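Please consider the structure shown below together with its sequence.

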Amino acid sequence: MDLFDKVRKNRGALGQYSDEAHGYFMFPKLTGEIGPRMNFMGKPMLNWSLNNYIGLANHPEVRRVDGESAMKWGLAYPMGARMMSGNSDQHDLLEKQLSEFVGKEDTVLLNFGYQGIVSIIDSLLDRKDVVVYDEQSHACIIDGLRMHLGKRFVYKHNDIESCEKQLQRAEKLAEETGGGIMVITEGVFGMSGMVGCLDKIVALKSKYNFRLLVDDAHGFGTMGKTGAGTGEFLGIQEGIDVYFSTFAKSMASIGAFVSTTKEVATYLRYNMRSQIFAKTVPMPLVEGAIKRLELLRTRPELKDNLWKIVNTLQSGLKARGFNIGATQSPVTPVFLSGSVGEATQLVVDLRENYHIFCSIVVYPVVPKGVIMLRLIPTAVHTLEDVEETLNAFEKVAEKLKIGAYSNEVASMAV
Ligand SMILES: Cc1ncc(COP(=O)(O)O)c(C=O)c1O
C-alpha cells in the first residue's frame, strides 16, 4: 500500500470540499487595504471576518514602525533561537512591558501562539500530572494535550459543575500518582464569543489544589478596563497562574506571549522545546509589537470604539429577532436554521448581492440543521457599516425562512 493512497481516499474533514469550495468558502483572497472595506473576486465587500479588533492592522503609526523597523533590521535579525543567538534588548523590553500590562511578574515571548501553547503544556506537565480542560478548547490546546502522557479529564463547555466533578476525579488520581493538576480554558471562546467562567474556576481554588492556564487569544486587548484581558474583565487576573495570548488578533501581527511568575517563566524559557529549537521573533515584529502595545495602552478610544460597534451590532441583531447565543465579547455569532446547502446559498447571496463578507460555520462544527454566521466587529467599522449589515441580514434571514434557498443550485455567480 502506498502511503499516499489515503490522500486520494480520504481528503480530510475540510479537504473533501476543496474542489467546490477552494477560493470561495475556503482560502478566499481578500484584496486591498486591510480593514472593513476590501475586495473579493473583483467586488467590494463590507468585511466582518478579520480579528483586527482594535483596528491596529492598518493604523498609520503601526505601519510606519513596521516599515522603518524592516528597513533598519531586515527580517533576519536576530538569527537563531532566542537561547542560542536570537536575543536582543528589544525582546527583553517587550517582555517587561507585557508583564506590566497584564500584571504578572514575568513574560516569555513566543514565535507562534500555536506552538507556544503546545510547549507550555508539554513542559509544565509530566506523566504524573492530571489535566482538566474545557471541551471546546482551541486546537492548539488539544494538540498540547496529545503530548501529555498522563491523564486528562474534559468538562462540558463552560460548565462549572462539570468542571468541579472532573476536578474531584483529578484530585483523587493526583493523590495516587503524586502529581499536580492543571485546569485549561480559553478566556473568550473564539467561536461562540462566550467568556470562560474563570471567576468560578478561580473560586474553586479554595477547595482544590490546581493551577490555571488561560488562552486569552480573543480577550487580550478587547476585554477589561485597560484591555488586559478576560481576567481583568472578571476581576480575577491574579487567579490566573499562566496567562497566554497571541499577537494574531488585537495586536494584528504574528507572535505570542506567556505571562506568569518569575520562577515559572524562567522554567518555561529554558524548557519550551518549540522555542529552544526554533527561530525567535524577528526584530520588526518585536518593535512592531512594542508600538502596538503602546497604542493599546495609551489610546483607550480604540477599544471604546470597538465596543460602540459591538454593542450597536449585537443589540441591533437582537432587536431584529436574531439569536446571537451567549456572547459577552466582540465575537458575534448569528445562529440560523437550515441545511448546509441553504447555508452556502445564503452566504453566496450575502456576498454577491449584498456585498457582505463574513465567515460561516456549518455541520459538523455546529449541530446538524444549525447555520452559524460569525461577525468580528472592529474599532474601524462605522455605525453605517452596522446599519447596512443589519438590513442585509434581515433580508437574507427572511429569504431563508420562506425557503428561497432550498431549491436553487448553489452558484458562485449569482
Ligand atoms: C484561541 C486561540 N489560541 C491560540 C491561537 C494560535 O495563535 P497563533 O496564531 O499566534 O499561532 C489562536 C489563533 O490564532 C486562537 O484563536
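Predicted model: local features only at pLDDT ≥ 70, side-chain atom pairs only at ≥ 80, totals over all residues.

Residues are numbered from 1 along each chain as its sequence is written.

The protein chain is divided into domain 1 (5-53 + 300-401) and domain 2 (60-298), with bounds that come from an automatic or database domain assignment. The C-alpha centres of the two domains lie 27 Å apart. Their contact takes 16 residues from domain 1 and 18 residues from domain 2; two residues are in contact if their C-beta atoms, placed from the backbone, lie within 7 Å. On the side of domain 1 that touches domain 2, the elements giving two or more residues are α13 (300-319) and β11 (332-337). Helices (H or I, at least four residues) and strands (E, at least two) are DSSP runs, numbered from the N terminus. The largest share of this side, three residues, comes from α13. By type, the side of domain 1 that touches domain 2 divides into eight nonpolar, seven polar and one charged residue. Here Ala, Val, Leu, Ile, Met, Phe, Trp, Tyr, Cys and Pro count as nonpolar, Asp, Glu, Lys and Arg as charged, and the others, Gly among them, as polar.

The largest nonpolar core holds 105 residues, and the members that touch the most others are Ile120, Val132, Met182, Phe244 and Val258. Domain 1 and domain 2 each supply at least three residues to this core. Such a core is a set of buried Ala, Val, Leu, Ile, Met, Phe, Trp, Tyr and Cys residues joined through C-beta atoms within 7 Å. A residue is buried if 20 or more other C-beta atoms lie within 10 Å of its own, exposed if 12 or fewer, and partly exposed in between, with C-beta atoms placed from the backbone. Not counting residues up to four places away in sequence, Val132 touches Phe153, Tyr155, Cys163, Gln166, Leu167, Ala170, Ile181 and Val183.

Helix α10 (residues 262-271) has Val264, Ala265 and Leu268 buried. These three lie on the same side of α10, because they cover an arc of only 100° around the axis; the arc is that of the directions from the helix axis to the C-beta atoms. The cover over the buried residues of α10 includes β4 (106-110), α5, β9 (242-246) and β10 (256-260). The face of α10 turned away from its buried side carries the exposed residues Lys262, Glu263 and Tyr270.

Which residues are the closest to the ligand? Of the 13 residues that surround the ligand, the closest are Gly113, Tyr114, Ala217, Thr246 and Ala248; a residue is near the ligand if its C-beta atom, placed from the backbone, lies within 6 Å of it. Helix α5 (residues 113-124) gives the most to this shell, with three residues. The shell divides into seven nonpolar, four polar and two charged residues.

Most residues other than glycine have a negative phi, and most peptide bonds are trans. The peptide bond from Tyr77 to Pro78 is cis, with omega near -10°, and Pro78 is placed in the loop between α3 (60-73) and α4 (89-102). Phe27, in the loop between α2 (18-21) and β1 (30-31), has a positive phi near 55°. Phe27 counts as exposed because it has 9 C-beta neighbours inside 10 Å.
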